[in-house]
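Here is a short report on strands, helices and contacts. Please keep the sequence and the model open while reading.

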Amino acid sequence: MAVAGTTGLVAGALGLLGALARSVVPDVLYEPPRRFPVGRPADYPPGSVTFVPERRLYVFNTPAGFYAISAVCTHLGCNVNSEPGKGFACPCHGSTFEEDGRVRKGPAAWPLPRFAMVLSRRGELVVDTRRTVGPDFRLKA
Amino acid sequence: MRSRILRSVFRVGWPRTRQARLQAMLSSLVLHVHPTRVRVHVLRPSYTLGLGLVSFFLFVVLTVTGLALMLYYVPHPDAAYRSMKDIEYAVTFGMFLRNAHRWAAHGMVATVFLHLCRVFFTGAYKPPREFNWVVGVLLLLLTLALSFTGYLLPWDQLAFWAITVGTAIVAYFPGLGPQVRYLLLGGHEIGAAALLRFYVLHCLILPLAMAFLVALHFWRVRKDGGLSAPPARLHRRVPAWPHLVFRELLVFILVLVVVHAAALLFDAPLEGIADATRTPNPAKAPWYFLGLQELVHYGAIFGGVVVPTAIVLALLVLPYVDTSPRGVGVWFAPERRLANTVFATIAVALVAVTVVGTFFRGPNWAWVWPW
């Protein structure tokens, strides 16, 4: 009797706490999509580096093709500033990065990620921030 | 008739005899938290500096001003900043209440830290007070968490980027870090979900935890035999009424005066509305985390994970490691020279990196001279 009661009490308490703990992890996020268009190739002049503020990334148009690099510092999440010809500098803790996203000077330990980019059927550049790609990635458009 | 009603509330009238004074301490909910008689040793302001008491009174001030602010504050990104502006410019005494809340919060972080230093330097964490020291360490962490969650609520640039940096540090913790950050923010970025979570933590969950632990902390002071004192001075006692009660009232008045003065003289900062596309340069965490941010500048794992974890763990195990009963109840006891030197070195180093992060770091976290 006592065993059954104790088991019931513990099971009930665990069930409630478990449900509570699980409910705190959100299943639906009302956040901007993580795959989105950033405009047409013609919007980016050849040889340009363009900050897309609402997406927190930089779009490069190089002779070899397009690519997109995250503007979110891999150290602690501030937006890095573009310094033309010199790469990027983070205002929070002083990390600097090369044009291709590699770390030039810490404290950041990881390069700025390069996001997958495709040309949609409507002729728009579409970035997918859920997928990162290697440093050789270029999109011919 | 009037005296009958009064008597029904207070039981004993204004206590004039020694016996009535002892009874008064027992017959009131608020007063019976205290002992009826208290050691002369711990009444001296130079022993405790009143720091625990000041921290508690600041918590009271924060609760009252916080409740008033809650009547106007709206925890949603579309409305939060505007409601801050309303509090500052469209609510009578709104600016004053916000200032009082802000400065009391900053003050509480400082006094809780200093209280911890006092307890260490007087050896007051030693048996039988080990567990109350642990409760005190948890109260320090709660104080920091309360201050940090409140920091986001104004939804201005200062708030947004301080919390960006702060929650990014959380993500560095090996294993669970990114998941904890996701849970804390209710998503991948600081948006509506994060603001609501910080609001509920700040206004309900953390204050309730704080109130419970404060009650436990006070109760343990009584159960552990009152505040610490050297063996030779354990037995000289005086009635708590009036000796303790009126000293506490005096401290409360002083706290109120200082909070009023600070709130009237200095306005709490409110920068432009939060903007995820523009990082201010430099972007700084709240001042009490600037020591961490300075250490994080040398390496995120080192400053954001290793140092704070080591400090908290060391504080938690300290009373179970250092159990020698010598040197309790006096400042800087010679028997405790080694322990005091180690503690003082770490405390001074923490204060030093905090000062560097606050005053000596400019754009791109480069070294600047503050003058």
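## Strand β4 of chain A and its partners

Ala68(A) stands opposite Phe115(A), a residue of β9(A). This is a predicted model. The two strands concerned are β4(A) and β9 (residues 114-119) of chain A, and they pair in the antiparallel sense over two bridges.

β4(A) also pairs with β3 (residues 57-62) of chain A. Here six bridges join the strands, and they again run antiparallel. Two residues lie between β3(A) and β4(A), and the pair forms a hairpin. Thr62(A) faces Gly65(A) of β4(A) across this pairing. Asn61(A) stands opposite Phe66(A), also in β4(A).

How many of the six residues of β4(A) are buried? The count is five, so the strand, residues 65-70, is largely enclosed by the rest of the structure.

β3(A) pairs with β2 (residues 49-52) of chain A in the antiparallel sense. Four bridges hold this pairing. In it, Thr50(A) stands opposite Val59(A) of β3(A).

β2(A) and β3(A) form a hairpin with four residues between the strands. Within that hairpin, Arg56(A) takes a positive phi near 55°. Strands of a sheet pair through backbone hydrogen bonds, either parallel or antiparallel.

## The four-stranded open sheet of chain A

Four strands of chain A form an open sheet. Their order is β5-β6-β7-β8, and the pairing is antiparallel. Which strands are at the edges? They are β5 (81-83) and β8 (103-105) of chain A, each pairing on one side only.

Elsewhere in this sheet, β6 (residues 87-89) of chain A pairs with β7 (residues 96-97) of chain A. Two bridges join them, and the strands run antiparallel. Phe88(A) has Phe97(A) in β7(A) as its bridge partner.

## Contact between chains A and B

Chain A contributes 21 residues that are in contact with chain B, and chain B contributes 28 in return. On the side of chain A that touches chain B, 13 residues are nonpolar, five are polar and three are charged.

## Helices α8 and α9 of chain B

In chain B, helix α8 (residues 130-152) packs on helix α9 (residues 157-170). The axes are 7 Å apart, and the angle is about 130°. The two helices are therefore oblique to each other.

Which residues meet there? From α8(B) come Phe148(B), Tyr151(B) and Leu152(B). From α9(B) come Ala159(B), Ala162(B), Ile163(B) and Gly166(B). Six residues of this contact are nonpolar, one is polar and none is charged.

## The buried side of helix α6

Helix α6 (residues 80-89) of chain B has buried residues at Ala80(B), Tyr81(B), Ser83(B), Met84(B) and Ile87(B). Where do they sit around the axis? They cover an arc of only 160°, which puts them on the same side of α6(B).

Other helices of chain B take part in covering these buried residues. Among them are α5 (51-70), α7 (94-121) and α11 (192-223).

Val42(B) is located in helix α3 (residues 40-43) of chain B. Is Val42(B) buried or partly exposed? Val42(B) has 18 other C-beta atoms within 10 Å, so it is partly exposed; a buried residue needs 20 or more.

Some contacts of Val42(B) lie beyond its neighbours within four places in sequence. The partners are Tyr47(B), Thr48(B), Gly226(B), Leu227(B) and Ala229(B). Pro75(B) is 33 residues from Val42(B) along the chain, and 44 Å separate their C-alpha atoms.

Val64(B) belongs to helix α5 of chain B. Val64(B) counts as partly exposed, because it has 14 C-beta neighbours inside 10 Å. Val64(B) and Val38(B) are 26 residues apart in sequence. In space, they are 30 Å apart, C-alpha to C-alpha.

Note on methods: Residues are numbered from 1 along each chain as its sequence is written. Chains are lettered from A and ligands numbered from 1 in the order in which they are written. This is a predicted model: local features need pLDDT of at least 70, side-chain atom pairs count only at pLDDT 80 or more; totals for chains, interfaces and linings use all residues. A residue is buried if 20 or more other C-beta atoms lie within 10 Å of its own, exposed if 12 or fewer, and partly exposed in between; C-beta atoms are placed from the backbone. Two strands pair if DSSP finds at least two bridges between them. Axes are lines fitted to C-alpha atoms, for helices over the stretch in contact, and angles run from 0 to 180 degrees between N-to-C directions. Angles under 35 degrees count as roughly parallel, over 145 as roughly antiparallel, 65 to 115 as roughly perpendicular and the rest as oblique. Two residues are in contact if their C-beta atoms, placed from the backbone, lie within 7 Å. Ala, Val, Leu, Ile, Met, Phe, Trp, Tyr, Cys and Pro count as nonpolar, Asp, Glu, Lys and Arg as charged, and the others, Gly among them, as polar. The arc is that of the directions from the helix axis to the C-beta atoms.
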